[in-house]
Number of protein chains: 2
Amino acid sequence: MVTSNGTARPVTLRDVARLAGVSVATASKALNGQPQVKAETRSRVMEAAAQLSFSPNTLAQALIGGRTGTVGLLTSDLEGRFSIPILMGAEDAFGSDQISVFLCDARGDAIREKHHLRALLSRRVDGLIVVGARPDSRPSLGRDLGVPVVYAYSPSDDPEDLSLVTDNEAAGRLAVDHLISCGRTRIAHITGDPSYGAAQDRARGARSRLTEAGLPLAGDQVWFGMWSEAWGRGATRMLLRKDPSVDAVFAGSDEIARGVLDVLHQEGLDVPSRVAVIGFDNWEVLAANARPPLSTIDMQLEELGRRAAQRLFAAIDGNPASGTETLPCRLITRESTAPLG
Amino acid sequence: MVTSNGTARPVTLRDVARLAGVSVATASKALNGQPQVKAETRSRVMEAAAQLSFSPNTLAQALIGGRTGTVGLLTSDLEGRFSIPILMGAEDAFGSDQISVFLCDARGDAIREKHHLRALLSRRVDGLIVVGARPDSRPSLGRDLGVPVVYAYSPSDDPEDLSLVTDNEAAGRLAVDHLISCGRTRIAHITGDPSYGAAQDRARGARSRLTEAGLPLAGDQVWFGMWSEAWGRGATRMLLRKDPSVDAVFAGSDEIARGVLDVLHQEGLDVPSRVAVIGFDNWEVLAANARPPLSTIDMQLEELGRRAAQRLFAAIDGNPASGTETLPCRLITRESTAPLG
């Protein structure tokens, strides 16, 4: 290993072989997991490697094996809320002892992204998973990087790339469907920033399910605003003024739903007996700890990560795919929604 | 670049030089930012490199320059809440266009950590920042890794390592000091899991400041429990039964503080005029969006990350340090604390 001040020389395979009392070829086979090495010899080599803190020359392995056992996850998700579960799902699919995922945060900055991309490629990652900050399309990294790329959460703007996204329209239908099945007939929708494709998609799904059921949208409009509790509170006050008969609210995020709950409590409207509330995201810290615990829609981001890892693996193995795959969301029921008494 | 199916050979410096119409030596100097290359030549080489998606052989550079421009951040912080701001602070200090930080999540699993460590070392990172899941000491990675290591948030159990931690005791004093300066005399402390050193340290600081001021601890005990809103609610109900005269609550986390606020609202006790509430963490999504917006203690994790990066850089440059450095927290005042009328 090279130390910072250059006093030590790198530990080589030769050092490991010498300490283990085997040939360099045998040490190499043992470390590479090849079958023709006796178990006893293998464990002796592993021990020697551990003792010397030997890091096998993965570049050499990469040239031999065609892969280095490392995947880059390039994210622009500042808060890590969406990319962390995707990272975890990907790691689970790869197997934690086979592939390491290196996460780099570009913070939505194209220059920073370029720099990270170069750093990851120069480390010879086998492939890249790109996670955007919001579920709208983002610029493609191009297809001449030399390694396969899978886009997760934010699709690439190049249809020849492979993108895995959440089916937000179906999720909107799912939320409203649940409220209808609870016997609600005056359902409102309060959601976030209308410039987000996901906000539009969820609203479209909600409206279409209401239309199918022959039900109006309570308050006569979708309440677009911000992805915050404060907006959830403000919109709920306006909604109650405009349509006091509302008996259910579908909130576009759990943060918004928390604001909705807060104002319903202030107004003395019981949840769920008087008004049912469903959120979106299944952000546990907000949803599970709400009063009452919040029903919500889970985007199954870990599953998205697992799927991205599988698709990336297939591409690394020479079976690339392209186009956009949408993954379904899942309904999580807690106490904030219940059938009318 | 090696493609997945092995059909292409790696792009070499020679390819770049040929396309740019210069010698390999000149191409190398241009890409390494050495001064003796004309600007026009440099830009021609950069263009050729970009066109070919050439990734300079950073390993070779590392052997020459003594560093690779990459730092590993090894975290066990499942939710990314603490490690993401530390990552950002470190990146800011390194300069986004100079150093890439690769984050690997070990999830508190020693085997996974070992695997990630090996992956990072085999990519010749210049150094490591290790971030724990909780502010208690963790096992040292040892000092024979060949690269310097700085522990942030969770200190190493080896005093010869360098650890940067938050001064939780001073933070506890700071919170209570602020409540005293608001004229409060019946101050209670509701906090999380007592097995966390940080919970004990904050409580110790709070008690010592109260003692100095000759004030009692309202409720006659520290309410240890869980790091959750639900516990904040439960403890507040018990506290109000035991000591209805309480006029301020110092909560050990913003989540707990949210539960405290909720019950105070239910009981019709105005915040801050009747009871002042201060949280801990400055977790914006919870604190800034609370009703009223929550005063809190900020651990300045970005500053911790910046400091870790600086110390790591110094160590890479041959000036290692050891021991534990504590960093101060900062008071953030919002509307949930105010002087008594």
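In this predicted model, B:Ile84 is buried, with a relative accessible area of 6%. B:Ile84 and B:Gln310 are 226 residues apart in sequence. In space, their C-alpha atoms are 17 Å apart.

Helix 5 of chain A spans residues 83-94 and has 12 residues. From its first C-alpha to its last it reaches 16 Å. This is close to the 16 Å expected at 1.5 Å a residue. The helix is mostly covered, with 10 of its 12 residues buried. A run of buried residues extends from A:Ser83 through A:Ile84, A:Pro85, A:Ile86, A:Leu87, A:Met88, A:Gly89 and A:Ala90 to A:Glu91. A:Phe94 is buried as well. After helix 5 of chain A comes A:Gly95, which has a positive phi, near 90°.

A:Phe94 also features in the nonpolar core. In soluble globular proteins, nonpolar side chains tend to be buried together. The largest nonpolar core here holds 91 residues. Within it, A:Phe94, A:Ile129, B:Phe94 and B:Ile129 touch the most other members. A second core of 30 residues is separate. Among its members are A:Ala119, A:Leu121, A:Tyr151 and B:Val125.

Chain A also contains an open sheet of 4 strands. Their order is 7-6-8-9, and the pairing is parallel. Strand 7 (217-223) and strand 9 (276-278) of chain A stand at the edges. Each has a single partner strand, so one side of each is left without a neighbour in the sheet. On average, neighbouring strands are turned by 15° against each other, direction ignored. Strand 8 of chain A, residues 248-251, pairs with strand 9 of chain A over 3 bridges. A:Phe250 has A:Ile278, in strand 9 of chain A, as its bridge partner.

Two helices meet this group of strands. Helix 7 of chain A (residues 168-181) packs on the sheet. It touches strand 6 (187-190), strand 8 and strand 9 of chain A. Its direction makes about 160° with that of strand 8 of chain A. Helix 9 of chain A (residues 229-242) lies across strand 6, strand 7 and strand 8 of chain A. Helix 9 of chain A runs at about 145° to strand 7 of chain A.

How values were computed
Residues are numbered from 1 along each chain as its sequence is written. Chains are lettered from A and ligands numbered from 1 in the order in which they are written. This is a predicted model: local features need pLDDT of at least 70, side-chain atom pairs count only at pLDDT 80 or more; totals for chains, interfaces and linings use all residues. Side-chain values use heavy atoms; hydrogens and water are left out. A nonpolar core is a set of buried Ala, Val, Leu, Ile, Met, Phe, Trp, Tyr and Cys residues joined through side-chain atoms within 4.5 Å. Buried means under 20% relative accessible area, exposed over 50%, partly exposed in between (1.4 Å probe, protein chains only). The expected span of a helix is 1.5 Å times one less than its number of residues. Two strands pair if DSSP finds at least two bridges between them. Axes are lines fitted to C-alpha atoms, for helices over the stretch in contact, and angles run from 0 to 180 degrees between N-to-C directions. Contact means heavy atoms within 4.5 Å.
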